[in-house]
Structure formats: structure tokens, C-alpha cells
Number of protein chains: 2
Amino acid sequence: MTTWHLTNVRPMGGAAATVSITGGRIAAIAPAAPPAGEPSEDGRGMLLLPGFVEGHTHLDKTTIHLPDWLVNAVGPRIEDKIDTEREWRARTGHDAGAASLALARAFLAAGTTRIRSHVDVDTVGGTRHVARVLETREAMRGLQEIQIVAFPQSGILARQGTERLLDAALAMGADIVGGLDPCAIERDPVRHLDIVFGLAERHGKPVDIHLHEPGTMGAFSLDLILERTRALGMEGKVVVSHAFCLGDIAERERDALLARMAQLGVAIATTAPASRPVPPVAACRAAGVTIFGGNDGIRDTWTPYGSPDMLERAMLIGLRNNFRRDDEVALAFDCVSAAGAQGCGFSDHGLLPGARADLVLVEARTLAEAVVARPVRRLVVSAGRVVARDGVLSA
Amino acid sequence: MTTWHLTNVRPMGGAAATVSITGGRIAAIAPAAPPAGEPSEDGRGMLLLPGFVEGHTHLDKTTIHLPDWLVNAVGPRIEDKIDTEREWRARTGHDAGAASLALARAFLAAGTTRIRSHVDVDTVGGTRHVARVLETREAMRGLQEIQIVAFPQSGILARQGTERLLDAALAMGADIVGGLDPCAIERDPVRHLDIVFGLAERHGKPVDIHLHEPGTMGAFSLDLILERTRALGMEGKVVVSHAFCLGDIAERERDALLARMAQLGVAIATTAPASRPVPPVAACRAAGVTIFGGNDGIRDTWTPYGSPDMLERAMLIGLRNNFRRDDEVALAFDCVSAAGAQGCGFSDHGLLPGARADLVLVEARTLAEAVVARPVRRLVVSAGRVVARDGVLSA
């Protein structure tokens, strides 16, 4: 196993150090210069960060690879967006393979080495989108780790056959069972959750449920999710995505739910949208709940926004949570870093010996500056290999 | 007067056209090619936008020109931020001249040709910051128009002598009388507003008041501002900055205030923060109220965030207002464009014959793409002169 050294870098903005890399992992981080004769690269005093984690996106939906701009004229309700998207995908033959590969590569060029992507499974597209994103996962193997959530975007109950399709997607290699608004969309929370948790049990796979439901309705669905997590012994294997309800119920009720989530190891994925109530990052962390970040969809039929730059997502999380102090901005960064790895179950993350050598170098004086200025990624290393320079993937 | 032509550009994303420029102004926008022999530049099919308008910032406060990163450890209250800043500026001898010049130039490189900047006036700094930003205004003359608001950041009533200093700042050349939270900070709304409007009357200058006050307290202050606007015949000469109260009072009360604001020509400057209630852009426009955008401070003792890129501010306004459709994203852009010029009183704005030739070229297919992707500014023209290429100022 060859060893190489990245010299003169400042891990998380600290003192200059040399990172030694062997067999795709960090062998050591030390102030000393590397042994003469071994290959090395000069980090020129740049700030060193661990590879970023995108904890909630939809690689299969994006239009960033298409020649034409997609004009968005969709209605205001979530149902409008679901129906518009399913019909648009069928009508245009949207290729989830090309879409997901283009977006995954853009993420990698910007320093993201681990991604959790929800992928639509429905009675129109079947398991086609999952099959195509599985190809992208294969194409990126060794460069980027991609988790696939089999996601019933159009619901399970109203569209007969969806449960069987989810079952098939999991058998094909999807890693996680998805779910969606048990009350507001599915209109039968017990049946929906019993199917989702049933699939998880049958396949021995974790769960990640989209919960957009606001207020006490969302809190009720969350309560049912926690009940099943405990009953089925799925502690540490459940993520609730969005969990907007935790941003608009009474603080006392919120804190009671957070305490149960902490006990059951149920994590939260937040996109920190500016226009909705959101789970407050500081309160979640104070309660011991892992909360991590993601873009949600990027330039798709739902939204023209989003960027494969997780430093930008960290900035948006910081802005949404009114994190101004440097120690607070560090929490926003943690949402796209250690907390993301923890919440998604990506192992061996971080800047420490034994961890995967996923490294990002940027010109910034401090971690906070990296978040607010989002400088170009001068160097991206994935599993010990240089994969991008100056924001451009290596050949 | 020389005439030159910018050919093959797409104004606001429309059909390709040639813009002819004479004496710093747009002479014509036409599909035809320019007459042979006259100087021209090929716009290569790029999207053409009018120069951007920053409607609410604090050029004097920034630290972007300093060699060291400013670690933010400030307390949570607005008073903490005010006191920390005033003391930090005095202690470090913070140079509002170098600060404002560096930031103004960064704005210009990113396509902003008009800026309204609030500048601190207080009993510690006196009128020193205004004097220094006046120098920046002079240095940028012909390249960028800068309006200066004489801004009592530390209040008027509690710090004796501030009124006299504001008076002096206006006599020195500040363009606009500032004000600040008549109830919450000043604790005597009538006395505060009488001083502010008194200075405006005496100097024949408009008013721009920071109103962070939430809920019904803010609505009360706003009511007093509207009362004075009418009584003093200052229709069209008053801006309320932030106006957070319009985001968290009852809709019926909000709409009644908006109707009065529309009648009196009182405009709103919004920074669209993600972590606070804000005036909804769509409701303001529907009521006929001019609402425009700004960064607020950029990398100063208040906040590490902000960027001299008004396309990014447009994106943040879009995100905060949940503007997803292309026609909605165009409203977000309007906040840093025509509505900004209208609200601040910058004349001859826009892409039309007779307007100042302030032009920005970017590689984008549509206006919405320019907002969400914020591409590098390939060309910036101010008053008919090329001032920047590829994001870098010309010498």
C-alpha cells in the first residue's frame, strides 16, 4: 500500500499539519514533515475539511444535465408538485441515470463524498428510477458512497401496487425504506407506517420518512413513528426528514418529542427552508438528537433552487437558525459533516487516524469563513485519491 | 459623443438584440445589427440584465478588506450587537473609508451600479464614518452611484449630541435621514420620530428608518411614521427598512397598513432574513407597495454572512418568499433591480432607450437561472463604460 502525504494544511482551521494517507485511509495527522522520498503534495496552508455529506437529496429528479431550462409554473400544493412531476417524467422520458450521474459528479467536484438520495418508486415509473440510480452508484463506486432510499413519492395507499414495487426496489439493492406524510398525503397513518416498517423488517433495512406535515398533525405522525421504532427494536435505524412540525408546535411538546427521539436514536434530516417552520438545530442538539442537512431536490420540477455545494447548504442552515457566532456557524457545518455521517450511518468519517481519507482543501482563514464565502474547492480527495482540483473533476 | 454597440445579447432572456450606447445612455435596443464601422462588442448570446441595485447595506461596517478573520462571539440581543460594534470600531480604529471602498468595488465587479448605504453616526465615531464614505462616493463617481443615509445606529435620545451630529452629517452631504426602532431602542417614539422628520424637513431630504420591532409594537411605530409622512407632505420620500412587523401581525391589520403605505408612497427595504418574520413580497406588491432588497451588513461585527452579489440576495429573497415559479423568481430579481431603483429614487434605470447604460452580461438561459445559479459576471457596463470582465474590475 502506497503512502502519500498532504503537507501544510490546517485541519478545521487549526495549526498546520501533515496528513498521511495509506490504503485510502488517514494513517496520521501530525505536525511533523513527512519522511523524505515519499510522495507528497503541498497544501499551501489551506483549510482542511473532511469530505462533505449530503444527507437528503433526490439525485434522480434533477434537470441540471438537460440542454433546456425547465420553466416552473407548478401550483402551490404539495399534491400539485407530486402530480406535475410524475406526469412530466413519464411524458419527457426523463432519464434518472443521466440526471443522477451528472448531479453526483457535480457533488463530488464540490467535495461531497457521501450522499443519501431518495429515489422515486411509483406505479408509473415502477422501479426504473431506482435501477438507473443503482447504475450511478456503481459508476461512482470508490469515488463516492451513495445510499438509495426507495421513496414512494406518489404515496403507497392510493396507488395499488406501490408496496410490491418498493419491495422489488429493496430487493434490487435500495438501502433504505422511504415513507411520506402518513396523515396529510396517505390519509391512513397506521396502514402507511405498518407497510413502511413491515418492509424494513422484512429486508432488515433502515427507514427514512418524509414528514412535511405541520403542527400537531405532524407531531401525531411522529409519535406513531416513534412508537413503531421502539416496538420493532429499530433504535438508531430511523430518520425523519423535514419534521417541520418540530418548528411550529409548543416548545414543551417539541422537547418531549425530542427527548423520545434522542432515546430511540431517531435522527432528523433538515433542508432548513427559509419559508417554513423548521426543527431548530440548537434545540435538537441540546436534546441529544442528531440533526443533519441536505438540499432536498436540486433544479427539478419542484424547485429551481439548490446547489451541489454543501458549504452553501451549511450557510443556509446557519442563516435559517440565525447562527452568527463562529461556534454557531461550526454547528451548521457539522450538519453537512459529522452529524450527516452519524445520521445516515456512513462509517469512518472525519479527520482522524483510521477514517476514510475524504478531504477537501479551500482557501479560507477559518471554518466560518469557508461556510459564508464558499470558496472554490482547490483539492478534493476521496478514499485517498485526488478526484478534483479547482472545482473540476480529474479525468 | 461616441456610440458603441453591444451585439447579440438577450435582454432579460428575450430574443437576441443589439444595445446601442451613446454618452453613457442606452440609445436604442433593436434586433438589427449595428452600422458597419462603429465600435461594437459581441455579447455571444448571453443574458443581459440592467445593473443591480443594493437598496440596504452598511458599506462602512464591513471587515472584508481586513487581513484577519473577525471571530464573532457577540450576544443575542440587538443592543449587544450595537454596543459591541461601537466599542470594536473605536478600539481597532476601523477605517470606514477603506472598508466602504473595498466593498463598493466588490459590488461593482459583481454588477451593482447603485447602492444605498446606511452609515453610522454616533457620539463616539461622530461624523467620521460619513466623511470617509463620502470619499468613497467621490472615488466611485461615474462608476457607481452611492446614496448615504446618516444612520443613528446607537440611537439619538440616549446619547446626547447625536441629533447635532446627524445634522452635521446631512450638511456634509449625506443624502437621507436615518432612524432606528422608535419604541424598542429609543423608548420614546414620538420624540425620536419628531427629530428624524424634523431633520428631514430642515434639510429637504428623504427618510429611511430601520424598524426591527416585531408585532403590534412595530405596527404602532409604523403607524406613527405614516402619520408624519402625511402630515409633512413627505409622500414618496420615506422608506421603512426591515418592517419585520408586517410579517407577524394579523393579515387584516397588515393589509390595512400596506394600503396606507401604498397611498403615501412609503416603500419597504427587505433583507429577507431566513430566521425572522418578514414582509411578504407578493402581498406588498399586490397592495401597490414598492418593496426592494438589500444585504444589510456584509461580514461585519453583526454577521459573518452577506455577499456583494445581488443575484445571491435575489435568490435569498426568492427562498424566503417560497418563490418557485419562473414568474415568481422574476419578482425576487425585481427587488434588486427596478423596484430597488424605484424605492431608492435612482432615476433612469432599466433596459430601455434613455436609461443609464448600466448593463450586466451572464451566461444563463433565463432570468430564473441567473438568480438560482448566480453565474460569473462576464461583462459589467456602468454609465456606458466597461468596468469589469469575468468578475474582475478593469484597471
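## Two helices within chain B

A crossing of two helices is called left-handed if the near helix is turned anticlockwise from the far one by less than a right angle, and right-handed if it is turned clockwise. In this predicted model, α2(B) passes α3(B) in a right-handed crossing. Helix α2 of chain B covers residues 96-109 and helix α3 of chain B covers residues 128-139, and the two pack with their axes 8 Å apart, at an angle of about 35°.

On the side of α2(B), the contact is formed by B:A96, B:G97, B:A98, B:S100, B:L101 and B:A104, while α3(B) contributes B:H129, B:R132, B:V133, B:T136 and B:A139. Sorted by class, the residues of this contact are six nonpolar, four polar and one charged.

Helix α9 of chain A and helix α9 of chain B, each spanning residues 310-320, have axes that come within 13 Å and cross at roughly 55°. Because of this angle, α9(A) counts as oblique to α9(B), and their crossing is right-handed.

The residues in contact are A:E312, A:M315, A:L316 and A:L319 of α9(A), together with B:E312, B:M315, B:L316 and B:L319 of α9(B). This contact has six nonpolar residues, two charged residues and no polar ones.

## The largest nonpolar core

In soluble globular proteins, nonpolar side chains tend to be buried together. The largest nonpolar core here has 172 residues, of which A:L49, A:L246, B:L49 and B:L246 touch the most other members. Apart from its neighbours within four places in sequence, B:L49 is in contact with residues including B:M12, B:L311, B:F333, B:L351 and B:D358.

Notes:
Residues are numbered from 1 along each chain as its sequence is written. Chains are lettered from A and ligands numbered from 1 in the order in which they are written. This is a predicted model: local features need pLDDT of at least 70, side-chain atom pairs count only at pLDDT 80 or more; totals for chains, interfaces and linings use all residues. Side-chain values use heavy atoms; hydrogens and water are left out. A nonpolar core is a set of buried Ala, Val, Leu, Ile, Met, Phe, Trp, Tyr and Cys residues joined through side-chain atoms within 4.5 Å. Buried means under 20% relative accessible area, exposed over 50%, partly exposed in between (1.4 Å probe, protein chains only). Contact means heavy atoms within 4.5 Å. Axes are lines fitted to C-alpha atoms, for helices over the stretch in contact, and angles run from 0 to 180 degrees between N-to-C directions. Helices (H or I, at least four residues) and strands (E, at least two) are DSSP runs, numbered from the N terminus. Angles under 35 degrees count as roughly parallel, over 145 as roughly antiparallel, 65 to 115 as roughly perpendicular and the rest as oblique. Ala, Val, Leu, Ile, Met, Phe, Trp, Tyr, Cys and Pro count as nonpolar, Asp, Glu, Lys and Arg as charged, and the others, Gly among them, as polar.
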